Amino acid sequence: MNNPYLPYPVRIESIVTETEDRNLRTIKLLFLNPEDEEKFKYIPGQFAELSVAGLGEIPIGIASSPTEKGFLKFTVNKVGKVSSHIHNMQPGDIMGVRGPLGNWYPWDLLEGKNIVIIGGGFAFTTLRSSIVYMLDPRNRSRFGEISVVYGARFPGLLLFKEELAAWEQRDDIKMHITVDSTDDPNWKYNVGFVPAVTKQKAPDSENSYAIICGPPIMIKFTLPVLTELGFPPERIISSLEMRMKCGIGICGRCNLGTEYVCKDGPVFTLEQLSRLPNEY
Amino acid sequence: MREVYITKEKFPDVVGKLMNQHRVFGPVFQGQYHEFAELKASDEIDLTYQNTRLSPKGLFHPHSERMFQFSLAKGDPEAGIVKEAPKDYSSRLILGMRPCDAMAFRLDDVNFDTTTIKDPWWTRRRATTAIVGLGCNQPCRSCFCTSVGTGPFDPSGLDALLTDVGDGFILQAITEKGQELLDGISDGGPVPAAATEKATQLRKSAEAQFVTQFDPKALAEKDMLELFNASFWDEVQFSCINCGTCTFLCPTCWCFDIQDEVCEDQGDRIRIWDSCMFPLFTVHGSGHNPRSQKLQRVRQRFMHKLKYYQDKYHDGVACVGCGRCVKYCPVNIDIREVARLMTATCVCPA
């Protein structure tokens, strides 16, 4: 029997600082045992527990896509004991990964649909995974029009800048990058808050799904816009954050009504959330 | 299934022989209270007890348990790799557990032992342990097992059941495991007709002492969000001091924390009971806390036990009516009262 609490040992291959404030770093991890990579079969939207022996574990969304083989990527915001330690680790260091955990975005339902991805701040990680997954040549034809609204407070806080630039060049994805404000005269994208940009740029809600991830304030003001655009609650998909420990629906910590956010979520439709206590 | 009669005179011998074959646990008087402990001598077990202060959940889900171990030693090629810790899974026998507490393990099983995910430590301990219950001749005043679908002689969570009939015990096998246990006991005799009659009387009189406190089915029919938003939580939470005694003593409170502990260059990943009564239970790394208010935490405990669990598993409430939380709450919050508030249908004039 596999012990679901036991992390797979991994080695840090590289650490990249993503943002100007240096609070977000992306770590690329390689499995020490190749057979563990076989067992770690994930789908965009899932998360994993990153484990540092001596400090503990943190639940983090998987930023890499299963179409990218041989490694895992996580973008970690520096907030507590474990995440701060990970920021200070070096390539070659050993840590652990446990997962994949939780539900993924409902790719079966999304097939044949137009998809608008709305992200803000550092919640863009599983959205990055999803975009890479959908743009993969084997997958692109499964989906309709793909639009992305991605906002940060200022340009220096945008994640995955090189990839954003590459996606901007493609004709099979419509990118709407925005910042709250900037004094950069060469800034060539949008300026404005995510809800306003969504209102201007989101595709017709007919045959469309919205996936939205970001800070609560962004979600709060974007949901009415989506409703106004005609997206019904069952076609608005979000992912919840919660303090977690086990990640497998046993330790009880992330309980929300009848659900465990780790196991029954973290992906929920707005329709599902409307039937749960508003305690997240 | 077979049953035998064991006189009280012979009972310590029976326990002694069982101790040669298994690790035997039973209620032992320690300090001011009874507690489940591994027996060191056959006469340590005290079956005159009413119930232990702490529930026996620690026998399957210890208060603190080493999950894994690791080395952080410089130069150790395995440093930083988390590994399984050795554990003793030799055969165990728990003697004299109250039927309600044994039933609690079945309610907890749905959490620890699911079709997709199995907690390895819980499931192995469940598989290697036999539980011999002790029927309740004299329920305590805070008990309400019959209101939550179990009872003072309910065999559902047991492998065998002991009934104290005065001069001796009737030991009845309930499961195969219990039958095997009985087959190994040579000191028992056939059950005298008078003893069987006495046992029936005792059961009837025990059951007659209960009044129905509330109806779990009525809770199932209530709308979850309506209960969540009800105004009575303000009243319920008023005196609570969030001490966590209720969750600590409760046999169906399983929530735990996972922490790493390091001493010099060796460390353990351990799990420790935790409680939804504590603000730190839900606080995010960012500082955001979805249950920062006492009311939210008090409501979470009752809603989880009486409503969420029931709506999730459709098999009654996550409470066996042992009454510990009622008895030991320092401010007299009574789950039976709360359940009545939750099931009340009266409409108060505005």
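# A tour of chains A and B

Of the 280 residues in chain A, 59% are buried. This is a predicted model. Keep that in mind at each stop.

**Stop 1: chain A as a whole.** Nine helices and 15 strands make up its secondary structure.

Next, show the surface. Chain A exposes about 11400 Å². Carbon and sulfur atoms supply 50% of that area. Then colour by charge. You will find 30 positive and 33 negative side chains in chain A. The centres of these two sets lie 3 Å apart.

**Stop 2: two cis peptide bonds in chain A.** Select A:Gly99 and A:Pro100. A cis peptide bond joins them, with omega about -5 degrees. A:Pro100 belongs to strand S6, which covers residues 94-101 of chain A.

Move on to A:Gly265 and A:Pro266. Here too the peptide bond is cis, and omega is about -5 degrees. Where does A:Pro266 lie? Look in the loop between helix H8 (261-264) and strand S15 (267-269) of chain A.

**Stop 3: A:Phe160.** Select A:Phe160 and check its backbone. Its phi is positive, about 55 degrees, although A:Phe160 is not a glycine. The residue is in the loop that runs between strand S8 (146-152) and helix H5 (161-169) of chain A. Is A:Phe160 buried or exposed? It is buried, because its relative accessible area is 7%, and buried means under 20%.

**Stop 4: chain B as a whole.** Now select chain B. Count twelve helices and eleven strands. The radius of gyration of chain B is 22 Å, close to the 20 Å that the globule rule gives for 350 residues, so chain B is as compact as a globular protein of that length. Its C-alpha atoms fill a box of roughly 75 × 65 × 40 Å along the principal axes. Of the 350 residues in chain B, 56% are buried.

Show the surface next. Its accessible area is about 15800 Å², and 52% of this belongs to carbon and sulfur atoms. By charge, chain B has 40 positive and 45 negative side chains. The centres of the two sets lie 3 Å apart.

**Stop 5: helix H2 of chain B.** Select residues 99-112 of chain B. This is helix H2, with 14 residues. From first C-alpha to last it reaches 20 Å, close to the 20 Å expected at 1.5 Å a residue. How many of the 14 residues of H2(B) are buried? Twelve are, so H2(B) is largely enclosed by the rest of the structure. Among them are B:Pro99, B:Cys100, B:Met103, B:Phe105, B:Leu107 and B:Phe112.

**Stop 6: B:Asn242.** Finish here. B:Asn242 is not a glycine, yet its phi is positive, about 50 degrees. Find it in the loop between helix H8 (233-237) and helix H9 (245-249) of chain B. B:Asn242 is buried, with a relative accessible area of 12%.

Key: Residues are numbered from 1 along each chain as its sequence is written. Chains are lettered from A and ligands numbered from 1 in the order in which they are written. This is a predicted model: local features need pLDDT of at least 70, side-chain atom pairs count only at pLDDT 80 or more; totals for chains, interfaces and linings use all residues. Side-chain values use heavy atoms; hydrogens and water are left out. Helices (H or I, at least four residues) and strands (E, at least two) are DSSP runs, numbered from the N terminus. Buried means under 20% relative accessible area, exposed over 50%, partly exposed in between (1.4 Å probe, protein chains only). The radius of gyration is taken over C-alpha atoms; the globule rule is 2.2 Å times the number of residues to the power 0.38. Accessible areas come from the Shrake-Rupley method with a 1.4 Å probe; for residues, only the protein chains shown count as cover. Lys and Arg count as positive and Asp and Glu as negative; His and the chain ends are not counted. The place of a charge is taken as NZ of Lys, CZ of Arg, CG of Asp or CD of Glu. The expected span of a helix is 1.5 Å times one less than its number of residues.
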